[in-house]
Each structure stands twice: as structure tokens, then as C-alpha cells.
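The sequence and structure are shown first.

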Amino acid sequence: MKVPQGEKVSFVGVNGTKTLLLSAYMEHRKGRQVRVIAVALRSETPVYRCLLYCEEKLYISEGDSEFHDDHFDFAYGTADIMCPLISGCETPSLISVTTAAASSEDSHHAVFLEVKNQKAESVSLPYNFTVCISTMFDFTNVLQLVQSLEMMQLLGVNRVVIYKTSCSPETQRILDYYTKTGLVEVIPWTISRYLKPSRFAQPGQDAGDLHYYGQIPAVNDCVYRYMYQTRYMSLQDIDELILPLSVDSWLDLLPLLENKYGVDKCYMFANYVFPYSIALPPPASQTLPSQNIGWQKVPGVNILDHLHHKPIDKYHYTNVKIIVNPRAVFRPTVHGLLESVNDCSRIDTTIARLYHTRLVPEHLEPEQLIYDGRLLSYSVPLTSAVNNVLKETGFLP
């Protein structure tokens with residue numbers, strides 16, 4: 001029996017198909033079954049067979065597969081292969097998937113995945129807030145990475161999970177530092193060894209097999225990987241911060257959201273874009289904290305230099321990011337949820353917003369931008385924390 005060793009996401013092929021198995025999780029909420037997260041060719045319709053391994057015995061059940069709707073018309077999409085448990089094998093430790101047409105020899109040589117989430121824990125959880133970042137590719141923005149990770153800690157985040165395809169050596173130095181502190185878990189995202197993921201969100205923008213570096217299966221894996229480890233989860237990018245406006249931390253924000261919108265909801269935060277191509281001084285009534293001049297030598301963007309956002313447009317509540325109880329989620333997507341226990345609520349922008357500091361494709365005049373100095377409320381502890389990290393990682397003397 002073959003079991004991948006030392007791999008957090010396995011990418012196991014199903015013989016006779018174009019299907020890749022990523023990971024397997026016990027599904028406690030829809031009857032007792034195993035959910036196998038997969039990437040598959042949408043034009044194929046194989047009949048799957050699940051091989052369940054329990055106490056050194058092999059059991060077989062018929063798999064039921066369904067594609068997620070958010071494939072964006074790429075040839076490949078994210079799929080769930082649901083494997084019902086059968087009598088005598090209620091707690092499988094390993095699972096593999098073949099086709100119904102596979103021979104006994106194929107089954108004998110199948111590669112098995114560990115079945116995670118054996119216990120449905122909901123009380124004693126190691127983390128209050130986990131952030132899922134998918135995916136990191138060709139990343140060089142060291143300064144903003146450090147600022148974002150320190151801001152997340154100021155907000156109350158205990159864990160940040162990063163699905164990494166590629167990054168600069170300087171970025172890797174920062175990731176290694178935060179991995180050692182216990183804040184960050186890096187998941188090597190090696191899907192490009194098996195498929196050609198697109199660099200864009202639509203097939204017309206770039207030839208590729210799968211949407212945007214395989215972001216959607218990564219998000220799905222993160223939700224299930226931490227489903228029984230964290231109280232709340234945010235699905236966002238590393239250049240985004242969800243900032244409360246009336247309180248200072250997520251720990252204080254979530255009770256407000258639960259009281260106003262309901263418990264176990266998906267909380268959607270409107271997207272405010274802060275272009276880093278334009279740097280404007282704050283109003284005369286506001287003063288920036290003194291910053292270490294050495295920051296200018298660190299690769300990347302200083303978010304404290306960019307406190308003016310684009311005018312609000314029709315995409316205000318389209319490109320949202322969310323905070324959610326992962327145990328109420330069945331299928332996440334890039335900007336919300338495809339399937340969940342409860343629906344999503346748009347959070348009033350006077351309560352909290354998504355602050356997205358990034359490059360924008362369109363030309364903007366400085367007078368079009370609108371000042372928002374909320375980030376300055378965190379600037380003193382943020383600056384101190386960033387200085388400490390840059391010193392400990394050798395970017396500052």
C-alpha cells in the first residue's frame with residue numbers, strides 16, 4: 001500500500017482519468033462519509049470507486065462526484081468525490097479512489113490518502129482566528145507581507161495558512177521566520193507539476209487548464225484542513241486586511257456581527273482598494289508615525305504610505321472577502337461561499353471594511369482618491385513590531 005510521505009497536499013492521480021486527488025476529510029455533517037477534494041477534467045464523467053482502509057482491511061464503496069460551479073469555464077475544475085462509509089468501516093484511516101472499470105491490479109497499486117478530521121471538535125479549538133491565503137506565486141513584496149502578518153496579529157489572528165507556489169529568497173526568509181514562531185503554516189502548492197494553471201481568472205486572458213493558480217481547490221482544502229481547529233476563518237489575500245471601525249480587534253468585532261447579523265453566518269466585507277501607484281500625504285490634521293528609514297531598502301510596498309482609496313463602484317460588494325465559522329461551510333469560493341449552512345450577510349461599511357492595498361490597472365488622478373486613515377490607529381504598535389521582525393530577519397541592522 002502506497003501512502004505519500006511528508007506531503008501536505010498529495011496530488012494523487014486516478015488511473016485512467018485526468019483526476020487529481022488532493023486531500024481527504026471525514027464529513028460529519030451530511031451523514032458519515034469521506035469528502036475527497038479533487039481537481040478533474042470537466043468533460044470526463046468517470047464512475048468512481050472508493051477504497052476505504054480500516055484496521056488493515058480494505059472495503060469498497062461507490063463514489064459520488066460533483067463539480068463546483070466556480071470553474072470559470074476552464075477545462076479543469078474543483079470537484080468533491082463523496083465516499084459513503086459502509087458497515088465494518090466507520091472510521092477509515094486511509095482512502096483511495098479508482099474507477100469502477102479499474103482492475104483488481106489497479107486497486108492493488110492505488111495510492112492512499114490519510115483521512116483527516118476524524119473527530120468533529122467544536123469546543124476545544126486551538127485557534128480563535130485563522131487566515132487562509134491562496135495562493136502565493138512569484139511573490140517578492142517582503143515589506144507588505146511583514147506588515148500584513150503583524151497587522152493580523154494585532155487584530156487577534158492566531159494562525160495564517162499560506163498555499164505557496166513560488167516566492168523570492170527574501171520572502172522565504174520571512175516565511176521561515178513566521179513558521180518558527182508558529183504563526184504561519186506554509187502548504188507547498190505544487191499543482192503546476194501536474195497541470196498548467198492559468199495566471200488569470202478567465203480563460204480568455206491566459207491559456208491554462210485551471211483558474212488562477214488553482215486558487216479554488218486551495219481555498220477548499222484550507223477550510224477543511226482547519227475546520228476543527230479554529231473558531232473563525234478568514235479567506236483573503238496577503239494584500240488585504242479586514243479592519244473593524246468601532247472596535248480594534250476581531251475578538252471584539254465578531255460578537256457585534258453575531259448580534260447584528262446572526263450566528264454562524266458568512267460575513268462579507270466590502271472591498272476598498274488603496275492603489276499603491278499613488279502616494280498622497282494625509283490631511284494636515286493627521287500625522288504619520290516616524291518610520292525606520294531602513295524600510296526603504298526592504299523590497300515591497302509600505303501600506304502606511306497609501307491611505308487613499310478608489311471611489312466606491314459597482315464592485316464594492318462583488319470582490320468581497322469573508323470571515324466565517326468553517327463548520328458552517330461546505331463549499332467556499334474566491335469571493336464568498338457556494339454552499340453553506342446559512343447565507344452570507346453584507347457587513348455595514350461603518351462597522352468593518354476590507355482594506356486592499358494593491359496595483360490597479362486603470363489610470364487614476366490623485367483628486368479622485370478618498371482619504372481613510374483607519375490604518376493609522378494601529379501604526380505605533382505596527383511600526384514597532386515590523387521593525388523587530390526586520391531586525392530579527394536581517395533586513396535591518
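This is a predicted model: local features need pLDDT of at least 70, side-chain atom pairs count only at pLDDT 80 or more; totals for chains, interfaces and linings use all residues.

Residues are numbered from 1 along each chain as its sequence is written, and side-chain values use heavy atoms, with hydrogens and water left out.

**Pockets and cavities**

Rolling a probe the size of a water molecule over the atoms shows where empty space is left. The search uses a 1 Å grid over the protein atoms alone; a cavity is a set of points where a 1.4 Å probe fits but cannot get out, a pocket is an open set with protein on both sides within 12 Å along at least five of seven lines, and lining residues have an atom within 4 Å of a point. Grid points are joined across faces, edges and corners, and a volume is the space filled by probe spheres set on the points. Lining residues are classed as nonpolar (Ala, Val, Leu, Ile, Met, Phe, Trp, Tyr, Cys and Pro), charged (Asp, Glu, Lys and Arg) or polar (the others, Gly among them).

| Space | Volume | Lining by class |
|---|---|---|
| Largest pocket | about 1,500 Å³ | 21 nonpolar, 16 polar, ten charged |
| Second largest pocket | about 150 Å³ | five nonpolar, five polar, one charged |
| Largest cavity | about 90 Å³ | six nonpolar, four polar, two charged |
| Second largest cavity | about 70 Å³ | four nonpolar, four polar, two charged |

The largest pocket has 47 lining residues, and Tyr-212, Asp-237, Asp-239, His-356 and Arg-358 lie nearest its centre. Helices (H or I, at least four residues) and strands (E, at least two) are DSSP runs, numbered from the N terminus. Strand S10 (127-136), helix H2 (142-155), strand S16 (271-275) and strand S22 (352-358) each give at least two residues to this lining. The largest share, four residues, is that of S10. Residues lining the second largest pocket include Leu-143, Trp-295 and Asp-305.

Two cavities of 30 Å³ or more are found in the whole structure. Asp-239 belongs to the lining of the largest cavity, as do Gln-144, Ser-148, Tyr-355 and Thr-357, among others; H2 and S22 each supply at least two residues there. Asp-237 is among the residues lining the second largest cavity, together with Cys-132, Ser-134 and Gln-215. To this lining S10, helix H4 (215-225) and strand S13 (230-236) each contribute at least two residues.

Three strands, in the order S14-S22-S16, make up an open sheet of mixed pairing. Its edge strands, strand S14 (240-244) and S16, each pair on one side only. Two strands pair if DSSP finds at least two bridges between them. S16 and S22 pair in the parallel sense over five bridges, and Val-273 has His-356 in S22 as its bridge partner. H2 packs on the sheet and touches S14 and S22, its direction making about 30 degrees with that of S14. Such axes are lines fitted to C-alpha atoms, for helices over the stretch in contact, and angles run from 0 to 180 degrees between N-to-C directions.

**Thr-135 in S10**

Thr-135 lies in strand S10. Thr-135 counts as buried because its relative accessibility is 8%, where buried means under 20% relative accessible area, exposed over 50% and partly exposed in between (1.4 Å probe, protein chains only). Leaving aside residues up to four places away in sequence, Thr-135 touches Tyr-163, Thr-165, Trp-189, Tyr-213, Gly-214, Gln-215 and Ala-218; contact means heavy atoms within 4.5 Å.
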